[in-house]
Amino acid sequence: MIFRGKVWKFGDNVDTDAIIPARYLTTSDPRELALHCMEDADPNFVARMKTGDIILGGENFGCGSSREHAPIAIKAAGVSCVVAKSFARIFYRNSFNMGLPIFESVELVDAIKDGEEITVDSSRGTIAIAGSTKTFTINPIPPFMEKLIADGGLMKHISRK
Amino acid sequence: MGNTITEKILTAHTKLKKISAGQLINARVDIALGNDVTAPIAINEFIKAGGKKVFNKNKIALVLDHFTPNKDINSAQQCKAVREFALKQKIIHFYEGGNVGIEHALLPEQGIVLPGDLVVGADSHTCTYGALGAFATGVGSTDLAAVMLTGELWFKVPESIKFVIYGKLQKWVSGKDLILHIIGRIGVDGALYKAMEFTGETIGKLPMADRLSMANMAIEAGAKNGIFAPDAITREYVKKRAKRDYKFYSSDADAVYSDIIEINAGVIEPQVAFPHLPSNVKPINKAGKIKIDQSLIGSCTNGRIEDLRIAAQILKKRKAAPTVRLIVIPATPAIYKQALKEGLIEVFMNADAIISPPSCGACLGGHMGILAEGERAVATTNRNFVGRMGHTKSEVYLASPAVAAASAVLGRIASPEEL
Ligand code: SF4
């Protein structure tokens, strides 16, 4: 799959309270949650982002709560994928289980500035920055996780068995 | 080559003879937990996947503790959806209303989770049950849906970090201070994807309440689970609660660890985690004079009877400073009753505390104790991220019940020694 979009760069340890604050957890409606995506990290994010844009995080993206509302909010807001140096484990799990594409690349995150455009080629495992010839590699995804994505998430995966 | 306790419990829940760190496995789940925030999504997924009947009505726990007593119409709708599902599926461990407590205090107290179990919960602090010598980890709602359907789930077997903790704890130093110190030392991703195994002479003497609050915060270091090998203290705790069999596991002497960290607990003072990360830890004497507006004593980290006893000991014949809202949340109905019986509730009320019903309440900025812009709280909870307890420009300082109680009296972050 190919994802092309402008990046919104955030720092290390972006937590689930920043991605979707608990005050909005009285609902699990994706459209509701999308309105508040990243609100406590950048209150203008939803108003300014465009469909297909990409969230960029540092280390430990998605730390904190187990709330699946976090990847749901990101996906429903129209973000195409998330690239970070590393992900917190429940967020990582949730993203694969529900089909939000996420990628790890320390070099890319270090090399890129907020607002630049990137192209992620998940089948080749590369990321390119627009206007530059240099490509960055994505950490390989374990085969089982690839299968989860190919099946369309965990529930579809187990119903196929 | 031997195995760690985490590897052994996981192996016992598969058909495999031996597993090792890094391996992806499918394992049987003994107890799966959901709450009023995470269960609605799981129930939806369960139904969408064509689920008719849960795999085992005895092995699912649904605890409506986050926005209850219902905060608003939306939360009432969520609770209603879970209740209807629980009744239809005849879920045995369903808690709402008068029997509800904060899930991670309730499940061990009621003997629902036991040593040797494999427990998953759609709540990150599910790792609390590692205190009993169980493998317990937080997962997402879709994971919970998958378990409700099949009774199994996929796991990557984690590597373990062994913490060897020695030395005699100083006065007012608790399990909470130990875990804050450890997180301060290794950072919020210091144990990312790993198991934190707590061992050593200090741990051998540590009461269950302290073990529970340590395991509770393993996730704050990024860990998959925190675990204590069960011992006589564990046996004492579970024998009067268990209604089914359980098993004690322990690590082999030649088990493999990714790291071994030794900690001299004897030199640790009460700790305070400053905004906005649980790893931003300082000893109390370096905290400086920080004025507070609220002190919260409760949560799945520190809302147990032992915590309330310590707070009451400090608050007895004293009052919260007039500028401080002191909120006390007994974590479960049984704790509330016990606190009444021991006269602790009276001590708190005489100290001008507000007593909340068992609930997560303000811990996650849910309700009943939200902070305004610029306000500061000291809290015995486990997270102090931006906006965690209210306005994005409010601040949360994490500490033990002893420090939270002393701070309430003095109106600033303080050690009980200053009273
Ligand atoms: S008390 Fe706080 S940390 Fe514990 S389960 Fe409730 S919201 Fe989560």
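Two strands pair if DSSP finds at least two bridges between them, and the strands themselves are DSSP runs of E with at least two residues, while helices are runs of H or I with at least four, all numbered from the N terminus. With that in hand, chain B has an open five-stranded sheet in the order E4-E3-E2-E5-E6, paired in parallel. This is a predicted model, where local features need pLDDT of at least 70 and side-chain atom pairs count only at pLDDT 80 or more, while totals for chains, interfaces and linings use all residues. Residues are numbered from 1 along each chain as its sequence is written, chains are lettered from A and ligands numbered from 1 in the order written, and side-chain values use heavy atoms, with hydrogens and water left out.

**Sheets in chain B**

- Strand E3 (residues 60-63) of chain B runs parallel to E4(B), joined by three bridges, and Ala61(B) has His93(B) as its bridge partner in E4(B).
- A second open sheet has four strands in the order E10-E9-E8-E11 (chain B), again with parallel pairing.
- Its edge strands are E10 (225-228) and E11 (259-264) of chain B, each pairing on one side only.
- From one strand to the next, the twist averages 20°.
- Four bridges link strand E9 (residues 195-199) of chain B to E10(B) in the parallel sense, with Ala195(B) opposite Asn225(B) in E10(B).

**Strand pairing in chain A**

- Strand E1 (residues 2-9) of chain A runs antiparallel to strand E5 (residues 117-121) of chain A, with five bridges between them; Lys6(A) stands opposite Glu117(A) in E5(A).
- E1(A) also pairs in parallel with strand E2 (residues 54-57) of chain A over three bridges, and Lys9(A) has Leu56(A) as its bridge partner in E2(A).

**Cavities and the ligand**

- On a 1 Å grid over the protein atoms alone, a cavity is a set of points where a 1.4 Å probe fits but cannot get out, and a pocket is an open set with protein on both sides within 12 Å along at least five of seven lines; lining residues have an atom within 4 Å of a point.
- Searching the whole structure turns up two cavities of 30 Å³ or more; grid points are joined across faces, edges and corners, and a volume is the space filled by probe spheres set on the points.
- The largest cavity comes to about 230 Å³, and the ligand sits in it, meaning that more than half of its atoms lie within 2 Å of the grid points.
- Of the 23 residues lining the largest cavity, His66(B), Asp123(B), His125(B), Leu364(B) and Arg388(B) lie nearest its centre.
- That lining has eight nonpolar, ten polar and five charged residues, where Ala, Val, Leu, Ile, Met, Phe, Trp, Tyr, Cys and Pro count as nonpolar, Asp, Glu, Lys and Arg as charged, and the others, Gly among them, as polar.
- Residues around the ligand (a heavy atom within 4 Å of it) include His104(B), Ser299(B), Cys300(B), Cys360(B), Cys363(B) and Asn382(B).
- By class, the ligand shell splits into five nonpolar, five polar and two charged residues.
- The second largest cavity has a volume of about 110 Å³, and Cys63(A), Gly64(A), Ala88(A), Ile219(B) and Gly222(B) lie nearest its centre among 14 lining residues.

- The largest pocket holds about 530 Å³; it has 24 lining residues, with Met98(A), Ile41(B), Glu45(B), Lys48(B) and Thr142(B) closest to its centre.
- H2(B) gives the most to that lining, at five residues, and the lining as a whole has ten nonpolar, eight polar and six charged residues.
- The second largest pocket has about 370 Å³ of space, and the closest to its centre of 17 lining residues are Glu109(B), Tyr237(B), Arg241(B), Ile305(B) and Glu306(B).
- Its lining is made up of ten nonpolar, one polar and six charged residues.

How values were computed
Axes are lines fitted to C-alpha atoms, for helices over the stretch in contact, and angles run from 0 to 180 degrees between N-to-C directions.
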